[in-house]
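Reader: I am new to this structure. Please show me how to read its features, one at a time.

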Amino acid sequence: MTTFISAPFGNYLKFKNAVSVTGTWTYKPRPGLLKQIIKTLRYTRNGWRNKIGLRNRGIEYGIQHTNFNEVLSIAAIDQYDWINLESIVPESQSVELNISCPNLDVHQDTTDFKGFDLWSTKKRKWCIVKVPPTSSYNLLDKIVDMGFTQIHASNTLPTDKGGLSGPILLPHTRKIITYLKSQYKNIEVIAGGGIKEAWHAEYYKDLGADHVSIGTGCFNPLKTWRTVNDITLQI
C-alpha cells in the first residue's frame, strides 16, 4: 500500500515513506491563491471547505518544482488543455489527472475534452484519474474503457459555498471502491477522505482500496508524519 500526500499539501510536505502529489497545476497560471485561501478556506461542522478554484502558477512552474519520484497533479479548464498539457509534461513524469473542480464554472467532466485519452497510452509509474465523489458508474466505466487503471476516489464534494473535504467524503469513496472492485479486478483504487489515523487507512483497505491519500489531515503536519509512519508499519 502506497500513501500519497494529496495536492496541494504535497507541495510542502515531503516524507520518505509517502509520495507527494504537487499542484494542482493548470496549463496557464491562475493568480490569486493567497487571496482565495484567506477569503474562502473555512472549517465547518461538515469538514474543511474552500473555493480556491485551482489557483496556481501554471504547469511550467509545476514541472520545475516536482521531483521525478513525485506525482504531478494537473487539471484542464479549456477544451484543448489536455492536449497542451500532454505536449509539455515529460513522458516519464507520474501524473494525477484531476477531472473536476467544484469551484469552477466549467464543464464538470473534463474526460470529454480533446486529448484526455492520450494520457492512458503513456508508460508512467502513476497515471491516476482523480474522480469527483458524485461520479456515476457510467463515468467510472468510461474511464476504465479508455485504458486507465489507477483511480483516486475522490475529489472534494461540491456545495454552493465551495468544495467540502474530510470525513464527509467517506460514503462516496466507499461507494466508488465497492463498485470498481466488484467490476474490475485490475483497477488500483486510491482512497481518500477523512484519513487522520492509521486505522482509517486500514478501513479503506478492508473495503478493497489498494492505496490511500491524505488530504485535509495534513493541516497538522506532525500528526500526518506520525500517521504516515503508522500506516507504513501497520498496513
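Author: What follows is a short tour by question and reply.

Author: This is a predicted model, so local features need pLDDT of at least 70 and side-chain atom pairs count only at pLDDT 80 or more, while totals for chains, interfaces and linings use all residues. Residues are numbered from 1 along each chain as its sequence is written, and side-chain values use heavy atoms, with hydrogens and water left out.

Reader: How many salt bridges are there?

Author: Start with the rule. A salt bridge is a side-chain nitrogen of Lys or Arg within 4 Å of a carboxyl oxygen of Asp or Glu. By this rule the count is six. One of them pairs K14 with E70, at 2.9 Å from N to O. This pair links distant parts of the chain, 56 residues apart. K14 sits in the loop between β1 and β2, and E70 in the loop between α2 (59-64) and β5 (71-75).

Reader: How are helices and strands assigned?

Author: They are DSSP runs: helices are H or I with at least four residues, strands are E with at least two, and both are numbered from the N terminus.

Reader: Is E70 buried or exposed?

Author: Cut-offs come before the case. Buried means under 20% relative accessible area, exposed means over 50%, and partly exposed lies in between (1.4 Å probe, protein chains only). E70 has 6%, so E70 is buried.

Reader: How many aromatic pairs does a search of the whole structure find?

Author: A pair of aromatic rings is described by the distance of the centres and the angle of the planes. Rings of Phe, Tyr and Trp (its six-membered ring) pair if their centres lie within 6.5 Å; planes under 30 degrees apart count as stacked, over 60 as edge-to-face and the rest as tilted. The search finds eight pairs. In one of them, Y203 and Y204 have ring centres 5.7 Å apart and planes at 65 degrees, so the pair is edge-to-face. Y203 is partly exposed at 31%, whereas Y204 is buried at 1%. There is also an aromatic cluster made by W82, F116, W119 and F148.

Reader: Which charged end sits over the ring of Y137?

Author: The test uses distance and direction. NZ of Lys or CZ of Arg must be within 6 Å of the ring centre and within 35 degrees of the ring normal. Here the charged end belongs to K175, 5.4 Å from the centre of the Y137 ring.

Reader: Where are the cis peptide bonds?

Author: Most peptide bonds are trans. A cis bond joins A7 and P8, with omega about 5 degrees. P8 is in the loop between β1 (3-5) and β2 (19-25). Another cis bond runs from A153 to S154, with omega near 10 degrees. S154 is in the loop between β8 (150-153) and β9 (157-159).

Reader: How many disulfides does the structure hold?

Author: A disulfide is a pair of cysteine sulfur atoms within 2.5 Å. The structure holds zero. As for cysteines, C127 is buried at 10%, and C218 is buried at 3%.

Reader: Which residues make the nonpolar surface patch of about 270 Å²?

Author: Patches use residues with over 30% relative accessible area and no salt bridge; like charges are joined within 9 Å, nonpolar side chains (Val, Leu, Ile, Met, Phe, Trp, Tyr) within 5 Å. Accessible areas come from the Shrake-Rupley method with a 1.4 Å probe, and for residues only the protein chains shown count as cover. This patch is made by Y80, I83 and L118. I83 lies in helix α3 (residues 81-88) and is partly exposed at 34%.
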